[in-house]
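Here is a short note for a colleague opening this structure for the first time. Please keep the sequence and the 3D view side by side while reading.

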Amino acid sequence: MKTSGDSSEIPFTAPASIALGSLGPTAYLLVISSDTVKLNRDNQLPIPFFQIAPRLFHQYRLEQYGVNHYFLFIDGELVDDGVPEGPYPADFPSVVFRAKSELVTSMTEWDYIRWGDIPTPGSGDFDSEGDIDTRDFFYFDECLNNGGPDSNVGPGCVWADIDQDGDVDFKDFADFQLIFNTTE
Ligand SMILES: [Ca+2]
Ligand SMILES: [Ca+2]
Ligand SMILES: [Ca+2]
């Protein structure tokens, strides 16, 4: 997503935010302005801020592994990690994203939001359903379009790097075709 909103809006949970919550101890709230991002997990914990290049699209990715570890990536770069406060999701999980103007007018654009099990690296199985089908190809194609030989397409496409050499290129596409629809 990207936003033109000023960082002075951040105390008002504006200009943009995405909140992952559920009935449990663990929550993640990202408050995003044009050049600054705030992560709030819990007011009792440190609240880190990150600088981003202003008014450009940026990608935010949060991974949580059981109760052991979470990782936050911005544009594929690890910016924060640590021990979660508990399991996630718990009951009634939700993802709430919004744009808001408190005192300063702004424009916010969300491109896409995804949620789900983290796919196995190199599996080609984006949606972790145990098959390789057209739905997986839809996202594989996106990784390939952003990739190429020796590219780094970031943690969001590790599942599409079939030969596990760090990129998503036409070699991976050839391998993807070989496993397409071959598993249940
Ligand atoms: Ca699949
Ligand atoms: Ca390659
Ligand atoms: Ca590859």
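1. Start with D150, which sits in the loop between α1 (134-145) and α2 (170-179). Helices (H or I, at least four residues) and strands (E, at least two) are DSSP runs, numbered from the N terminus. D150 is not a glycine, yet its phi is positive, about 65°. Most residues other than glycine have a negative phi, and most peptide bonds are trans. D150 counts as exposed, with 9 C-beta neighbours inside 10 Å. The cut-offs: buried means 20 or more other C-beta atoms within 10 Å of a residue's own, exposed means 12 or fewer, and partly exposed lies in between, with C-beta atoms placed from the backbone.

2. A word on the source. This is a predicted model: local features need pLDDT of at least 70, side-chain atom pairs count only at pLDDT 80 or more, and totals for chains, interfaces and linings use all residues. Residues are numbered from 1 along each chain as its sequence is written, while chains are lettered from A and ligands numbered from 1 in the order in which they are written.

3. F92 also has a positive phi, near 55°, and is not a glycine. F92 belongs to strand β9. Is F92 buried or exposed? F92 is exposed: 9 other C-beta atoms lie within 10 Å.

4. Check two peptide bonds next. The bond from A14 to P15 is cis, with omega near 5°. P15 lies in the loop between β1 (2-3) and β2. Y88 and P89 are also joined by a cis peptide bond, with omega about -5°. P89 is in the loop between β8 and β9 (91-99).

5. Now the domains. The protein chain is divided into domain 1 (2-109) and domain 2 (117-184); such bounds come from an automatic or database domain assignment. Their centres, taken over C-alpha atoms, are 27 Å apart. How many residues of domain 1 are in contact with domain 2? Six residues of domain 1 are in contact with five of domain 2 (contact: C-beta atoms, placed from the backbone, within 7 Å). On the domain 1 side, the touching residues are one nonpolar, two polar and three charged. Here Ala, Val, Leu, Ile, Met, Phe, Trp, Tyr, Cys and Pro count as nonpolar, Asp, Glu, Lys and Arg as charged, and the others, Gly among them, as polar.

6. Look at the open sheet of three strands. Its order is β6-β7-β8, with antiparallel pairing (two strands pair if DSSP finds at least two bridges between them). The edge strands β6 (60-65) and β8 (77-82) each pair on one side only. Strand β7 (residues 69-74) pairs with β8 over five bridges. Y70 has G82 of β8 as its bridge partner.

7. The largest nonpolar core has 12 residues, including I10, A16, Y70, L72 and I74. A nonpolar core is a set of buried Ala, Val, Leu, Ile, Met, Phe, Trp, Tyr and Cys residues joined through C-beta atoms within 7 Å. Two or more residues each come from β2 (16-23), β3 (28-32), β4 (36-40) and β7. β3 gives the largest share, four residues. Another core lies apart from this one; it has 11 residues, among them F126, C143, V153 and A160.

8. Finally, L72. Which residues touch L72, leaving aside neighbours within four places in sequence? L72 is in contact with L39, L62, V79, D80 and D81.

Technical notes
Contact = placed C-beta atoms within 7 Å.
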